[in-house]
Amino acid sequence: MKIKYLSLALLNIMCFSAVAAEANSLNTDNSFFKDSKFEFSTRNHWKYLKENASQPKEVHSAWGQALTLNYKSGYWLDILGFDVTYDNVIKLGASDYFATRNLLYNDGKKADKHNAHGFNKFTQRYAKVKFGNKDVNFNGKAGWHSLKDMGVISSSQNLTRNSYLGYSGTFKYSNLALSLAYIDSALPRESAKKVHFYSLDRKSEIDNIKTAEIAYKDKVIKLDYSYGVAKDYIKRHAIEFSYKPLEKLTVGSQIYGSTALKNHDKMKANVRDFDDSAWHYAADVEWKEADWSAKFGIAYTDANRKGAIGYYGRHIGKNNRGRYNGMAAAGADYMRDGEVVLSSVLGYDFFKDNTTGLYLNYGEFNYKHETLKNGEINVFNIWKPTSGTFKNLSILSKFGYGWSYKTMSSKDITPKLRDGHAQRSPTLSAETVIDYRFNLL
């Protein structure tokens, strides 16, 4: 657990908090201290998967506890500040194939549960600047920080959130926003080890990823276009659109595309997701009432790969998270070449602050005159009190059944046919996430 590191981080930030409190008592006008925020949060996360797509039936399971200290300063002279996030992860349990769940650190190469370990890291540590006013302003960051849907890059969270080393900034004018980012390294969700970006075969290092985004947003329309380049590897486009003609109705669409560059073309055909380019097209419609909601979507993928099934890979190589907000990102991701997928999310509040629902996917595509059908049914429940003693508590639980097909390997999703026919491959999955947050400052 390495308690001493957690204690040291807590001591340092509490000392700084004491300085902030003293500054407040002196009625200083320094917003750097007055606007500071210090938060302690916990997350208990368990993930389970039982499948036999590329091997005999195996269980992939991991369970851990995260303790997080998050400090956000105000701005010195209303211009300059800094933020720090410290995470400590404790291993609670693991099966042999735990590493696929991206919760615990894998200190080894084999699928052995004894390689599962906890870890600790300063996930974020960056300087921040801001200029301007409400209508025209700029906000920038430099250092290790998470990027949630910044251009073609994003961050996601399991026990911890992945972060990147680099620069990012957003210039806003009224309803328009222009964002830029440059990153060259990452701290993965499941590790404290700094890593570089690599091609899927790990033979070519991606020196950096650059991305730009322009967005328009008002009460009715949201339109966003992003472009990015993983140096010498992939060019990426992302278009996201939503239209809200009624308060309860939202219509949306997403288009994502990748184009291969020279280091992508160098990879062997059985390693890469596609040959020259991969595109994913999606549309959805959502209706929200006070105590229930329903969202339906349809999507199609075009990702040619000679002699095999191609795939639109959401991420830009290894060790990063690509931007994706379509409904097809579930389970094994329904983004195979020629695949049409229908998705739906249905939720109902049986009592206050508690939502129970179903997540459904059904996809079809053709391969060597065989129509392959795959899908899943997930039941979920989210309890998130908005007031009272448990206001800062959130509990998510879900479990599901899926059906798919045997694949050539864990890295190649091409169907493994027997006598010209696909072989069925069922899955069982489950997950629980318990979050609690304490505001210390």
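Colleague: Two strands pair if DSSP finds at least two bridges between them. Which residue in strand 15 is the bridge partner of Lys-222?

Modeller: Strands are DSSP runs of E, at least two residues long, numbered from the N terminus. In strand 15, Ser-242 is the bridge partner of Lys-222. A caution on sources: this is a predicted model, where local features need pLDDT of at least 70, side-chain atom pairs count only at pLDDT 80 or more, and totals for chains, interfaces and linings use all residues. Residues are numbered from 1 along each chain as its sequence is written, and side-chain values use heavy atoms, with hydrogens and water left out.

Colleague: In which sense do strand 14 and strand 15 pair, and over how many bridges?

Modeller: Antiparallel, over 10 bridges, with strand 15 spanning residues 234-246. Their hairpin has 3 residues between the strands. Asp-232 takes a positive phi near 65° there.

Colleague: What does strand 15 pair with on from there?

Modeller: Strand 16, residues 249-260, antiparallel over 11 bridges. A hairpin of 2 residues joins strand 15 to strand 16. Ala-238 has Tyr-256 as its bridge partner in strand 16.

Colleague: Where is Ser-226, and is Ser-226 buried or exposed?

Modeller: Ser-226 lies in strand 14, residues 221-230. Buried means under 20% relative accessible area, exposed over 50%, partly exposed in between (1.4 Å probe, protein chains only). Ser-226 is buried because its relative accessibility is 0%.

Colleague: Which residues does Ser-226 touch?

Modeller: Contact means heavy atoms within 4.5 Å. Leaving out residues up to four places away in sequence, Ser-226 touches Gly-151, Val-152, Ala-212, Glu-213, Arg-236, His-237, Ala-238 and Arg-323. Ala-238 is also the residue bridged to Tyr-256 of strand 16.

Methods: Helices (H or I, at least four residues) and strands (E, at least two) are DSSP runs, numbered from the N terminus.
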